[in-house]
Amino acid sequence: MIIYVDADACPVTDIIIQVAEAHSLTVRLVKSFDHYSLKENPHFVEAIYVDKGADAADYKIMQLAQPGDLIITQDYGLASLALAKGCLAMHHKGFSYRHDNIDMLLHSRYESALARKSGKRTKGPKALTPHDKEVFKQKLQKVLEEANR
């Protein structure tokens with residue numbers, strides 16, 4: 001299993017790296033050149049840069065990912081593609097995307113887009129709290145443990 005992270009706006013990258021190390025897993029951080037960093041990553045973490053564009057990171061992740069890999073993203077569309085490819089998919093808030101919840105999530109995204117087009121304001125995501133990050137860490141560990149069974 002390789003963990004792919006839709007890393008442009010992922011607030012839990014450090015947690016992912018920490019948990020992956022404990023499980024001896026490779027992490028691939030996929031992000032646009034707009035988020036280029038000189039930060040050195042551990043040997044098991046690879047930064048993959050793509051051109052800027054709304055879906056460039058998503059396309060790269062789907063090109064590289066194999067069935068059984070884990071994709072961490074807040075993008076419901078990417079999560080849907082990941083599930084169709086046989087990958088596991090998880091949101092940075094800790095919930096897993098599954099075949100039984102993805103349609104509802106995509107529909108809510110569609111409804112929000114319609115509301116924005118009609119001029120309604122929608123709220124953006126709330127910042128993660130330390131508690132949210134701990135919940136994510138616990139759920140990520142659980143997903144990895146279940147995948148190794």
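A salt bridge is taken here as a side-chain nitrogen of Lys or Arg within 4 Å of a carboxyl oxygen of Asp or Glu. In this predicted model, three salt bridges are found under that criterion.

One of them joins Asp 14 to Lys 39, with the closest N and O atoms 3.5 Å apart. This pair links distant parts of the chain, given that Asp 14 belongs to helix H1 (residues 13-22) and Lys 39 to the loop between S2 and S3, at a separation of 25 residues. Asp 14 is exposed, with a relative accessible area of 54%, and Lys 39 is likewise exposed, at 53%. A further salt bridge is formed by Glu 46 and Arg 28, whose closest N and O atoms are 3.1 Å apart. Here too distant parts of the chain are linked, with Glu 46 in strand S3 and Arg 28 in strand S2, 18 residues apart; Glu 46 counts as partly exposed, at 37% relative accessibility. The side chains of Arg 98 and Asp 100 also meet in a salt bridge, at 2.9 Å from N to O. Of these two residues, Arg 98 is partly exposed, with a relative accessible area of 41%, whereas Asp 100 counts as exposed at 63%.

Aromatic pairing was examined as well, and the count comes to three aromatic pairs. The rings of Phe 33 and Tyr 49 have centres 5.7 Å apart and planes at 20°, so this pair is stacked. Because Phe 33 lies in the loop between strand S2 (26-32) and strand S3 (45-50) while Tyr 49 lies in strand S3, the pair ties together parts that are 16 residues apart in sequence. Phe 33 is partly exposed at 46% relative accessibility, whereas Tyr 49 is buried, with a relative accessible area of 18%. For Tyr 76 and Tyr 97, the ring centres are 5.9 Å apart and the planes stand at 70°, so the pair is edge-to-face. Distant parts of the chain are again linked, with Tyr 76 in helix H3 and Tyr 97 in strand S6 (residues 96-97), 21 residues apart.

Helix packing was considered for helix H2 (residues 56-64) and helix H3 (residues 76-84), whose axes come within 10 Å and cross at roughly 10°. Because angles under 35 degrees count as roughly parallel, H2 is roughly parallel to H3. The contact is made by Asp 58, Ile 61 and Met 62 of H2 together with Leu 78, Leu 81 and Ala 82 of H3, and the residues involved divide into five nonpolar, no polar and one charged.

Notes. Residues are numbered from 1 along each chain as its sequence is written. This is a predicted model: local features need pLDDT of at least 70, side-chain atom pairs count only at pLDDT 80 or more; totals for chains, interfaces and linings use all residues. Side-chain values use heavy atoms; hydrogens and water are left out. Axes are lines fitted to C-alpha atoms, for helices over the stretch in contact, and angles run from 0 to 180 degrees between N-to-C directions. Helices (H or I, at least four residues) and strands (E, at least two) are DSSP runs, numbered from the N terminus. Angles under 35 degrees count as roughly parallel, over 145 as roughly antiparallel, 65 to 115 as roughly perpendicular and the rest as oblique. Contact means heavy atoms within 4.5 Å. Ala, Val, Leu, Ile, Met, Phe, Trp, Tyr, Cys and Pro count as nonpolar, Asp, Glu, Lys and Arg as charged, and the others, Gly among them, as polar. Rings of Phe, Tyr and Trp (its six-membered ring) pair if their centres lie within 6.5 Å; planes under 30 degrees apart count as stacked, over 60 as edge-to-face and the rest as tilted. Buried means under 20% relative accessible area, exposed over 50%, partly exposed in between (1.4 Å probe, protein chains only).
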